[in-house]
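Trainee: I have a new model on screen and would like to go through it. Can we start with the core and then turn to the pocket?

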Amino acid sequence: MSLHTAAPLNPGKPHLHKTLFATCIGNALEWFDIAVYGFFARYIAHAFFPTSDASVSLLLTFGSFGVSFLIRPLGAIVLGNYADQHGRKKALLLSINLMMLGGAVITFMPTYATIGLAAPLLILLARLVQGFSAGGEFGSSTAFLVEHFPERKAFIASWQFATQGASTLLASAFGLGLTQWLSESEIQSWGWRIPFAFGLLIGPLGIYIRRHVHESASFVAQTPDAAPLKRLLGRQKSLIALAIGLMVISTAVNYMLNYVPTYATQNLHLSGSVAFSATLLAGVILTVVTPLMGWWAERIGRLPLMWGSLLLLIVTIYPAFHAVVANPTSVTLMLLVGWMALLKSIYFSTVPSVMADLFPIGTRASGMAISYNVAVTVFGGFAPLICTLLIDWSGTRLAPGYYLMAMSVLSGVALLYSQRRLR
């Protein structure tokens, strides 16, 4: 018996807060682990990728960070297809269990000094498991939200990215707290594992909540496509391209914020506490402003917010990076990070619901998952590595600003064509 015949035809009116929590907690866990890995990259480099050159160790660490994103499109295909055929709920339960498995491996893995080459290989394997699970999370959870509350899709879907902000906020709080309470040697020895261990505590709660939610009435009512991937890749390739383009600047800014602690300490020679304070500010802005912008978009429309934030990014990001490079202080870093987080919040708040509108129900989870993860893999996951290489090759610390400007232009083109398509 299929999910559609076994599921209750009238599960009742969904509870807003319960549905939000059930879907967003997995997204929060995913981004918490990503942010922690990026924030503590130099400690992870020393523990698992030691070389005589600190820059090489860091490149290896960010390489493992980026390589894990290569498997995300595979996770998007497998888990997205599973969600479209068998239900969003089952896919969400599977993805959060896989996330916890990868997090446990990183938390308890002995260092290179203890078990040698097995350590970096197993860390890479853990990141691949996390990447695979994360590949299906966004598409399934966003589809689940907008299908439960189609009349409030801009606001409800904005919480997907608000939880990313909350995760950044929490990860930054751990970074700031550890740099204040522990010595450098204590953080290097064992302190960096604390936030990963905390992430493991979130998982069981998410599993419990997800077990007690229903599929949406619109999903239960429709007949599942026997081959959603064939339909998606055969007839809807243009929709995938547009959705990828919409995500480009979103994911680029997001991973640039994860790169801030390394950029500030390695290139601007600021203290770790200053760097984590800046990311803490970004987390506050993303958590608070994103749902407010989603609420505002319900009243004035999504397009004005998207176009306004994109144009401001293109015009202001170079002067902002120039200011912090010319005068690297805690104030200029805070202003740069806060400004990026604010513009990201405005744009991010509207992207999930626009992406959902591009795809029909039968291929929505797969379409959103694939496009989201291709964008994250190509333009986000490797952003720290690309910026590190660009700085080394060009000799200028302004390279991250140039990267963000280019990504803004790409998303602007995609938004123009998406606007025409939705009309």
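Trainee: Which residues touch the most other members of the largest nonpolar core?

Mentor: Keep in mind that this is a predicted model. The largest nonpolar core holds 85 residues. Its largest share, 18 residues, comes from helix H14 (residues 237–266). The members that touch the most others are Leu-333, Met-340, Met-355, Tyr-403 and Leu-404.

Trainee: Leaving aside its neighbours within four places in sequence, which residues is Met-355 in contact with?

Mentor: Met-355 is one of the members that touch the most others in the largest core. With neighbours within four places in sequence set aside, its contacts are Phe-138, Ala-243, Leu-246, Met-247, Met-368, Ser-371 and Tyr-372.

Trainee: Which residues that line the largest pocket are closest to its centre?

Mentor: The largest pocket has about 260 Å³ of space. Helix H2 (16–39), helix H9 (153–181) and helix H11 (193–210) each supply at least two lining residues. The lining has 15 residues, and the closest to the centre are Ile-25, Ala-28, Thr-163, Ala-166 and Ser-167.

Trainee: Is Arg-210 buried or exposed?

Mentor: Arg-210 lies in helix H11. Beyond its neighbours within four places in sequence, its contacts include Ala-22, Ile-25, Lys-89 and Glu-137. Buried means under 20% relative accessible area. Arg-210 has 1%, so it is buried.

Technical notes: Residues numbered from 1 in each chain as written. Predicted model: local features only at pLDDT ≥ 70, side-chain atom pairs only at ≥ 80, totals over all residues. Heavy atoms only, no water. Core = buried A, V, L, I, M, F, W, Y, C linked by side-chain atoms within 4.5 Å. Buried < 20%, exposed > 50% of the residue type's maximum accessible area, 1.4 Å probe, protein only. Helix = DSSP H or I, 4+ residues; strand = E, 2+ residues; numbered from the N terminus. Contact = heavy atoms within 4.5 Å. 1 Å grid on protein atoms, 1.4 Å probe; cavity = no way out; pocket = protein on both sides within 12 Å on 5 of 7 lines; lining within 4 Å. Points joined across faces, edges and corners; volume = space filled by probe spheres on them.
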